[in-house]
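Q: Hi! Could you walk me through this structure? I'd like to start with the charged side chains.
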Amino acid sequence: MTTRPEIHLQFAPELRLFVPSERCQGRTAVRTDGSSSLGHVIESLGVPLTEAGRITVDGTPTPRSHVPRAGESIDVYAVERPQHIPGAPLRFLLDVHLGTLARRLRLLGVDAAYFSEDIGDPALATHSAREQRVLLSRDRGLLHRRELWAGAYVYSDQPDIQLRDVLGRFAPVLAPWTRCTACNGDLKEATKAEVSAHLHGGTERSYDVFAQCTVCERPYWRGAHHARLNAIVEEAVRDFGPTSPTSPTSPTSPTSPTSPASPTLPRPAPRSADA
Ligand SMILES: [Zn+2]
C-alpha cells in the first residue's frame, strides 16, 4: 500500500501568482506521492524553480532534494535579490517577446542575446545551456524546461518595469553606450570616414562623433533619440550602478548629456528609435 503523506505549504507573496488562487490563503495542504522531492512538489504546484529561493521545513532551511514526510510544514521564499548565478559571467538570453528589454539591456552594456524570430522553446533552452546564459521569459512553461542553465521570470509586461526588475534582481555591471542595441556586439569608436558608407547625407553633415558595431558595422551617433535614451541610462546608473570602470558614465568620470564626448566612447545614440 502506498502512503500519500499530507504536507502543508506556504508560498511567499512574490510566488503566489504561479499558484492556483485557492492555494494562496495561508498554508495549503498537499498530498504527495511519498517519493517526490520538495523541488518536484513545488514545481507541480506551478512555481518555476528559477523563482524559488530558500525553503524551510518546520523552520529549518532544507534543500530541494528533500523528500517531504507527513505533517511537515514548508515555507517557500522568493529568490534573494541580488541573485548571484555561480559558474559563468552574467549573461542573458531573452525570449522572443522581450525585444525592447533586450535593447535596453544592451544600451546599458549588459550582454543580452535575443532572436527576433521564434526559434522554439527547446532551442532557446539549449542555447541557454550551451552559452551559460540566464534565460529571461514571461513564459512559465519555458522556465520549467530541464535543459535550462538558469532562468528568471520577468514579472511585468512593461519594458520600464522589466528593466528595473532585471537590474534589481541580478545587479549586472553597467557599461552604457558600449554595446550594439541591434545585435549585442561591442562598439568601437569610429571616424566619419569609417562609417560614411552607412550614413545618409544629412547625418554625415550634422555629426562628427561616431561609434560602430564591431560585428554588424551599424554606425551610432548622438542623434535625435539621444535625450530619451540618455534618460534611460541616467536612471539605471543612478538606481542600479556601479558602472564598469571603462564606461563613459562611470561615477569616477562623470559626464553630462551636454558635455563633450567621452574619451572612451562618444556616447552614441542608436540611429533609430529602437530602445
Ligand atoms: Zn551590431
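Q: Is Asp 239 buried, partly exposed or exposed?
A: Asp 239 is partly exposed, because its relative accessible area is 33%. Keep in mind that we are looking at a predicted model.

Q: Which side chain meets Asp 239 in a salt bridge?
A: That is Arg 164, with an N to O distance of 2.9 Å. The pair links distant parts of the chain: Arg 164 sits in helix H5 and Asp 239 in helix H8, 75 residues apart.

Q: What other salt bridge does the side chain of Arg 164 make?
A: Arg 164 also meets Glu 235, at 2.7 Å from N to O. Here too distant parts of the chain are linked, with Glu 235 in helix H8 (residues 226-240) and Arg 164 in helix H5, 71 residues apart.

Q: And how accessible are Glu 235 and Arg 164?
A: Glu 235 has a relative accessible area of 34%, so it counts as partly exposed. Arg 164 is at 35% and therefore counts as partly exposed as well.

Q: Which residues make up the network of salt bridges there?
A: The network links Arg 164, Glu 235, Arg 238 and Asp 239.

Q: How many salt bridges does the structure hold?
A: There are 13. One of them joins the side chains of Arg 169 and Glu 51, at 2.7 Å from N to O.

Q: Are Arg 169 and Glu 51 buried or exposed?
A: Arg 169 is buried, with a relative accessible area of 1%. Glu 51 is also at 1% and counts as buried, because the cut-off for that is under 20%.

Q: Changing topic: which residues coordinate the zinc ion?
A: Four cysteines do it through their SG atoms: Cys 180, Cys 183, Cys 213 and Cys 216, at 2.3 to 2.4 Å. Their spacing in sequence is C-x2-C-x29-C-x2-C. Cys 180 is in the loop between helix H5 (159-170) and S10, and Cys 213 is in strand S11, 33 residues apart, so this pair links distant parts of the chain.

Q: What geometry do the four donor atoms give?
A: Tetrahedral, because the angles they subtend at the zinc ion run from 98 to 117°. For comparison, the ideal angle for four tetrahedral donors is 109.5 degrees.

Q: Which way does S10 run against S11?
A: Strand S10 (residues 187-190) and S11 run antiparallel, joined by four bridges. Within that pairing, Glu 189 has Ala 211 as its bridge partner.

Q: And how does S11 pair with S12?
A: S11 and strand S12 (residues 219-221) pair in the antiparallel sense over three bridges. Gln 212 stands opposite Pro 219 there. The hairpin of S11 and S12 has five residues between the strands, and in it Glu 217 takes a positive phi near 70°.

Q: Where are Asp 58 and Gln 132?
A: Asp 58 is in the loop between strand S3 (52-57) and strand S4 (60-61), and its relative accessibility of 53% makes it exposed. Gln 132 is in the loop between helix H3 (121-131) and strand S8 (134-137), and at 32% it is partly exposed.

Q: Which kind of peptide bond joins Arg 81 to Pro 82, cis or trans?
A: It is cis, with omega near -5°. Pro 82 is placed in the loop between strand S5 (73-78) and strand S6 (92-94).

Q: Last one: how many helices and strands are in the chain?
A: Eight helices and twelve strands. Of its 275 residues, 49% count as buried.

Methods: Residues numbered from 1 in each chain as written. Predicted model: local features only at pLDDT ≥ 70, side-chain atom pairs only at ≥ 80, totals over all residues. Heavy atoms only, no water. Helix = DSSP H or I, 4+ residues; strand = E, 2+ residues; numbered from the N terminus. Buried < 20%, exposed > 50% of the residue type's maximum accessible area, 1.4 Å probe, protein only. Pairing = 2+ DSSP bridges. Donors = N, O, S within 2.8 Å, 3.2 Å for Na, K, Ca; no water. Tetrahedral: all angles 85-135°; square planar, octahedral: opposite > 155°, others 65-115°. Salt bridge = Lys/Arg side-chain N within 4 Å of Asp/Glu carboxyl O.
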